[in-house]
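Here is a friendly walk through the surroundings of two ligands. Have the model open as you read.

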Amino acid sequence: MNAVDSARMLTLMSSADYLAAPSLEEADLVLLNTCSIREKADQKIYSDLGTLRRWKQRRPGRLVGVGGCLAQQDGEEVRKRAPHVDIVFGTHNIGTLPEMVRRAERRLPTLALGMDEEMTHWDVVPHLPAGAVSAMVAIMQGCDNFCAYCVVPLVRGREVSRPAGDILSEVRALAGRGVVEVVLLGQNVNSYGKKEGEIPFPELLRRISAVEQIKRIRFITSHPRDLDDRTIRLFDEIETLCPHVHLPLQSGSDRVLEAMGRGYTRGEYLAKVGALRHLRPGIAFSSDFIVGFPGETEDDFRETLSVMGEVRFDSSFSFRFSPRPGTRASEMKEKVDPQEAADRLRRLQELQAMHTRERLTAQVGREVLVLVEGASARDPGMRCGRTACNKTVNFTPGNIDGALRSVLVTGAGTHSLVGEERSANA
Ligand code: SAH
Ligand code: SF4
């Protein structure tokens, strides 16, 4: 969501005569788009702001702005801790960025943190790099779930969905610019449009799938409670719906899930995974996990490992519980010993590494369709892209053009695959 907002900021700033600078030294303005989902993210910002203080001193007239979730929650505090910041703006104030920058150029400090603003930035088309084949499309913002650990509803506000017509026009415009993959974004895409009486999420998927040039549709994030049968069935009906679902489990223990307020049980989660696998046997699953949630026992943690054993996730993001100000979980008394939590995180990540490897190895020898994203970071002679299951492939290119290439997978690493492009007449 932050990446989309940053891309919108680029569009807005270019209409205000600012261009993306090739390096920090050449820049006149730096905007930090911050995250506050965990403590680590916000520590990093204060350290970056220290660097930017010296950067500002090196040339008069340079400007620093801080936006995003941390700014939303800590606006005044950011000013106090880093008085050299010229602009502080919240998650709902992006639309007024050019105006704020103009004020700052006139040395007027600007603080814009209102959360009831019109979401004018929704109509700003996120900047798309030349030649991009994949694009993110925000379909909603905010969240109404208030999971006990999560700061999102506090910093991004209540859930609001964009009109389906606007989303479809954006997708068509992207297709017109050569985009073949869209990634629909929302904190809980399955509740898309419910409040607004818009078309339901599966219908939105169906309409997007009618845009001919779009060959791949992804969405993130699906909430395991709200992923419904209609959406699940679409995996059988819409070929362009990619066989990869990011379905954050958080914990495999029903007791912990209940304390988190997630609204599903381990059994219900597994049933949905089973239904999807039944329709698309090769489907990939990824997840997010939190270890060391208040009150989590060794037995609870083992439940998480056991679900992992059953599902065999292709990949996952895992975090140690981080108490966030204003959330219910930050008040919970039964803290898990930090050493114990670190140890659980290590065990979980070791098991995930095994499963990731196993899932990657299963691809070796297969011919897969790769959406090419550019030169490979590990070898400029190779190209890099992703399979429909969202696996990264570095491959030796043949002489075929086009965004989607057929590649024979020849090997598996820890996080990615290697392969060779199949020539058209092979
Ligand atoms: N809307 C998405 C999650 C967005 S936050 C969903 O419901 O799945 C991304 C991930 O950050 C979460 O899935 C969770 O695993 C992690 N996270 C959120 N708050 C956290 C906290 N306080 N401590 C540790 N991890 C957290
Ligand atoms: Fe946070 Fe829960 Fe909303 Fe996801 S669904 S953003 S974890 S409150």
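## Contacts and shells of the two ligands

Ser322 places a backbone N or O atom 2.7 Å from a nitrogen atom of ligand 1. Taken alone, ligand 1 exposes 540 Å², and the protein buries 91% of that (accessible areas by the Shrake-Rupley method with a 1.4 Å probe). This is a predicted model, in which local features need pLDDT of at least 70, side-chain atom pairs count only at pLDDT 80 or more, and totals for chains, interfaces and linings use all residues. Residues are numbered from 1 along each chain as its sequence is written, chains are lettered from A and ligands numbered from 1 in the order written, and side-chain values use heavy atoms, leaving out hydrogens and water.

| Side chain | Ligand 1 atom | Distance |
|---|---|---|
| Gln187 | nitrogen | 2.8 Å |
| Arg262 | oxygen | 3.2 Å |

Around ligand 1 there are 15 residues (a residue counts if one of its heavy atoms lies within 4 Å). Tyr149, Gln187, Gln250, Asp288 and Ser322 come nearest. Because domain 2 (128–242) and domain 3 (276–362) both give residues to this shell, ligand 1 lies between them; the bounds come from an automatic or database domain assignment.

Now for ligand 2: which residues are around it? Among them are Cys143, Cys147, Cys150, Tyr149, Gln187, His223 and Arg262. By class, the ligand 2 shell divides into 7 nonpolar, 3 polar and 1 charged, where Ala, Val, Leu, Ile, Met, Phe, Trp, Tyr, Cys and Pro count as nonpolar, Asp, Glu, Lys and Arg as charged, and the others, Gly among them, as polar.

Methods: Polar contact = N/O pair within 3.5 Å; in protein donor to acceptor, adjacent residues only side chain to side chain.
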